[in-house]
Amino acid sequence: MSLIPSDCRECPPGSVEPEGVDRRDFVKKMAAACAAGVPVVLGVVGVPGVNGQTVDGERYDPTMHYYGMGVDPAKCIGCGRCVNACKTENDVPRTEGAFNTWVERYVIRNDGEVIVDSPDGGMEGFPELADEAGIRKSFFVPKLCNHCANPPCVQVCPVGATFITQDGVVLVDDDYCIGCRYCIQACPYGARWFKEEKRVAAKCTFCYHRIVKGLVPACVEACPTQARIFGEVEGRATPLARFIRFNEIDVLKPALNTRPKVYYANLDGEVR
Amino acid sequence: MVQQVPRLAIVFTIAVAILLGARQLLIPPTFGEDGHYRAAAVDSIAAHPIKYAGRQACELCHAEQAEVRLAGNHRGVGCETCHGPAAPHVQGPLDVKPVIPDTREFCVTCHSYNASRPTGFPQIEPARHNFPRPCKDCHDPHAPVPPVTPGECSACHAQIARQKSLSHHAELSCAVCHEAPDTHKDAPRSVRPTKPQTRALCGTCHAAGIEEGPPQIDLESHGVPYMCWDCHYPHFPETR
């Protein structure tokens with residue numbers, strides 16, 4: 001199955017989002033931005049200077065980026081450092097069901113039965129397997145919001161409180177969200193949860209506040225085995241593009257046509 | 001002109017004005033600037049504070065640890081994966097200290113044996129692997145290496161080595177009790193190492209009167225006339 005066109009252009013024509021349609025469009029936009037003499041973002045900045053300064057002091061331009069994540073389950077050791085780091089970085093409550101990212105363990109028994117567990121989202125690791133002899137194989141699969149290019153959650157939001165940014169990240173405007181939970185229902189990946197404290201929907205932001213400053217998401221920073229690769233989907237010379245090129249790539253539930261931007265390498269057929 | 005037209009026009013104008021007014025009131029500022037959302041939301045999300053400074057930040061001041069780490073087996077493990085979120089420490093190095101995870105439990109989150117882990121990832125059985133000594137006694141956390149090549153006796157006597165590593169005698173090398181000629185490894189059945197023959201051998205450590213150290217017994221009376229190992233398995237001595 002080819003999910004990524006061979007030339008690695010991700011966002012296909014007719015996408016709901018105006019940005020990154022193809023290279024020509026992209027170049028045009030860049031030219032327009034330069035001609036105007038100001039980055040496009042300037043127009044949107046409410047408070048000057050808030051919109052991310054990168055570490056080296058340059059202003060962040062969302063139209064220059066289009067993000068995705070690669071996940072290599074074969075490298076995941078199920079230590080849960082990513083889940084832990086995510087909760088800390090994003091003030092995710094340590095309560096049941098509140099996970100921006102979590103790790104699942106798949107156990108495929110000799111008789112073909114598939115068992116999936118994720119105690120506490122894998123945050124504190126996983127217990128040893130009881131009956132090793134009866135198991136054909138077992139592995140870990142990190143999960144998170146797929147930041148779909150065609151996200152059902154965004155489509156169902158009645159007020160426009162969840163959206164795709166110009167750089168391809170699906171966010172929730174939690175000052176505007178009315179807490180109706182349609183999006184939580186609509187997400188086929190179970191990636192959204194309800195933040196009781198503010199009574200709004202919440203989800204993975206790819207650590208938007210970090211990436212605009214040139215840092216990688218907290219889960220990527222914490223992963224000891226480089227099972228997660230974050231970066232630009234477009235272009236050839238980026239770590240993510242290379243990862244996508246050099247591995248057999250799958251996305252979760254491709255039949256739903258959500259067009260996820262979280263790419264799994266050599267994914268076992270049992271993983272959903 | 002028909003009389004109704006101006007009246008309708010007025011009503012219509014008012015309706016439109018109300019509509020526009022309501023729209024102005026209800027639609028938040030910056031909505032729709034970049035798409036069907038509040039553009040300002042992106043900025044407020046982007047302004048969240050950072051907790052993990054990122055490994056590059058540490059290198060500025062901790063060049064030594066960074067260098068050691070990059071040369072070792074933990075090169076892929078970020079500083080803050082072990083030391084916890086340290087952005088406040090980067091802001092004020094002397095005011096905030098990151099945690100130092102020097103417990104066995106911490107290393108074990110990644111290294112305990114688990115069949116679901118990828119084969120080849122270095123794993124240990126925490127209860128057996130040099131329990132209860134802290135890992136850092138033998139492995140540098142910033143550049144861990146197995147300190148010696150796998151034990152020369154345990155290659156063949158794995159069962160005994162493993163049992164011993166769990167026991168009160170974990171610290172004793174085989175050589176304390178056995179003299180094994182090198183040729184034993186080539187011809188193990190014909191060249192036999194020595195085995196303890198006297199109670200005195202055990203007495204060198206356990207006889208009453210020795211200062212400090214292991215639990216003591218009275219060599220003259222304890223368990224006579226048997227050999228010590230008739231009652232205590234030497235590789236896993238128990239007292240019950």
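A polar contact is a pair of N or O atoms within 3.5 Å. The exercises below apply to a predicted model.

**Exercise 1.** Determine which backbone atoms the side chain of Thr238(A) contacts, and decide whether Thr238(A) is buried or exposed.

*Solution.*
1. Thr238(A) is placed in the loop between strand E9 (228-232) and helix H7 (239-246) of chain A.
2. A polar atom of the Thr238(A) side chain lies 3.0 Å from the backbone oxygen of Glu232(A).
3. The Thr238(A) side chain also reaches the backbone nitrogen of Ala241(A), at 3.0 Å.
4. Buried means under 20% relative accessible area. Thr238(A) counts as buried because its relative accessibility is 15%.

**Exercise 2.** Locate the two partners of the salt bridge between Lys137(A) and Asp268(A), and classify the accessibility of Lys137(A) and of Asp268(A).

*Solution.*
1. The side chains meet with an N to O distance of 2.4 Å.
2. Lys137(A) belongs to strand E4 (residues 135-144) of chain A, while Asp268(A) is in the segment after strand E11 (262-265); the two are 131 residues apart.
3. With a relative accessible area of 39%, Lys137(A) is partly exposed, whereas Asp268(A), at 17%, counts as buried.

**Exercise 3.** Explain why the salt bridge between Arg38(B) and Asp173(A) joins two chains.

*Solution.*
1. The closest N and O atoms of Arg38(B) and Asp173(A) are 2.5 Å apart.
2. Arg38(B) lies in the loop between helix H1 (4-26) and helix H2 (39-46) of chain B, and Asp173(A) in the loop between strand E6 (170-172) and helix H4 (182-186) of chain A; the pair therefore joins two chains.
3. Arg38(B) and Asp173(A) are both buried.

Note on methods: Residues numbered from 1 in each chain as written. Chains lettered and ligands numbered in written order. Predicted model: local features only at pLDDT ≥ 70, side-chain atom pairs only at ≥ 80, totals over all residues. Heavy atoms only, no water. Helix = DSSP H or I, 4+ residues; strand = E, 2+ residues; numbered from the N terminus. Buried < 20%, exposed > 50% of the residue type's maximum accessible area, 1.4 Å probe, protein only. Polar contact = N/O pair within 3.5 Å; in protein donor to acceptor, adjacent residues only side chain to side chain. Salt bridge = Lys/Arg side-chain N within 4 Å of Asp/Glu carboxyl O.
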